[in-house]
Amino acid sequence: MSLPQNLLALCETMLPGETQRGRPDTATLKRCISTAYYAVFSLLVHAASSMLAGNSADRKELRGYVARAFGHNEMAETCKGFAAGGLNKGLKPCLQSAISTDLKDIAATFRSLQQSRHDADCNILQKPKKTDARQAIQDAERGFKLWENIKGSEEARLFLLALLLDERVKKRA
């Protein structure tokens with residue numbers, strides 16, 4: 001099982017089942033929400049670094065090097081544009097069709113989960129509920145399923161490149 005899949009599975013172990021009584025403590029709920037975000041973040045970074053550096057065992061170090069180049073804020077800004085269905089002027093000629101609903105939803109899910117993670121990790125006054133953690137898990141699971149639908153497509157490859165390069169290129173324009 002890959003790191004993204006392991007992170008998603010870990011989320012499930014943090015919450016008691018629907019038939020079990022008891023409320024997980026605040027720290028567990030916050031950690032679950034944060035881990036759901038990191039599952040999707042890792043999914044996208046893993047896909048991009050594998051695409052750019054190759055997926056063979058002898059490329060593991062290079063994939064790690066590429067993965068470290070991704071920034072959370074830059075990825076969120078790129079996702080903002082994709083979620084809205086728009087591309088910056090430099091990317092528009094690179095995609096011959098409109099951005100699919102699946103990709104828009106992946107981008108929106110990334111941004112939503114990132115905001116939830118910020119709230120969980122940085123807002124000491126926030127006291128999430130079990131339903132908040134469950135929603136984060138469901139959102140992450142949906143992101144994984146949507147990614148399965150489009151991975152390998154031209155728009156997915158453009159998206160992965162944009163996650164790494166879009167904000168850097170915009171600064172130079």
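A residue is called buried when its relative accessible area is under 20%. This term is used in the legends below, all of which show a predicted model.

**Figure 1. The buried residues of helix α4 in the predicted model.** Helix α4 covers residues 72–83. Met75, Ala76, Thr78, Cys79 and Phe82 are its buried residues. Viewed down the helix axis, these buried residues fall within an arc of 165°, and they therefore line one face of α4. An α-helix has 3.6 residues a turn, so residues three or four places apart point the same way. The elements that cover the buried residues of α4 include α2, α5 and α7. The length of α4 also agrees with expectation, because 12 residues at 1.5 Å a residue should span 16 Å and the end C-alpha atoms are 16 Å apart. Just after α4 comes Gly85, which takes a positive phi of about 85°.

**Figure 2. Helix α5 and its buried face.** Helix α5 runs through residues 101–122. Its 22 residues should span 32 Å at 1.5 Å a residue, and the 31 Å between its end C-alpha atoms agrees with this. Seen down the axis of α5, the buried residues fall within an arc of 155°, so they line one face of the helix. The buried residues are Leu103, Ile106, Ala107, Thr109, Phe110, Leu113, Gln114, Arg117 and Ala120. Among the elements that cover them are α2, α4, α6 and α7.

**Figure 3. Helix α2, a mostly covered helix.** Helix α2 comprises residues 26–53. Of its 28 residues, 20 are buried. At 1.5 Å a residue, the helix should span 40 Å; its end C-alpha atoms lie 39 Å apart, which agrees. Gly54 follows α2 and has a positive phi, near 95°. Helix α2 is also among the elements that cover the buried residues of α4 and of α5.

**Figure 4. Leu160 and its contacts.** Leu160 is placed in helix α7. Its relative accessibility is 4%, and it therefore counts as buried. When residues up to four places away in sequence are not counted, Leu160 touches Leu44, Ala47, Ala48, Met51, Phe70 and Trp147. Leu160 and Leu44 are 116 residues apart in sequence, yet their C-alpha atoms are 7.1 Å apart in space.

**Figure 5. Ala162, a second residue of helix α7.** Ala162 has a relative accessible area of 3% and is buried. Leaving aside residues up to four places away in sequence, Ala162 touches Thr78, Phe82 and Leu91. Ala162 and Arg142 are 20 residues apart in sequence, and the distance between their C-alpha atoms is 21 Å.

**Figure 6. The largest pocket and its lining.** The volume of the largest pocket is about 340 Å³. Its lining consists of 15 residues, and Leu43, Ala47, Trp147, Glu148 and Lys151 lie nearest the centre. By residue class, the lining divides into eight nonpolar, four polar and three charged residues. Helices α1 (3–14), α2 (26–53), α6 (130–150) and α7 (154–172) each supply at least two residues of this lining. Helix α2 gives the most, with four residues. Two of the residues nearest the pocket centre, Ala47 and Trp147, are also touched by Leu160.

Methods. Residues numbered from 1 in each chain as written. Predicted model: local features only at pLDDT ≥ 70, side-chain atom pairs only at ≥ 80, totals over all residues. Heavy atoms only, no water. 1 Å grid on protein atoms, 1.4 Å probe; cavity = no way out; pocket = protein on both sides within 12 Å on 5 of 7 lines; lining within 4 Å. Points joined across faces, edges and corners; volume = space filled by probe spheres on them. Nonpolar A, V, L, I, M, F, W, Y, C, P; charged D, E, K, R; others polar. Expected span 1.5 Å × (residues − 1). Buried < 20%, exposed > 50% of the residue type's maximum accessible area, 1.4 Å probe, protein only. Arc of directions from axis to C-beta. Contact = heavy atoms within 4.5 Å.
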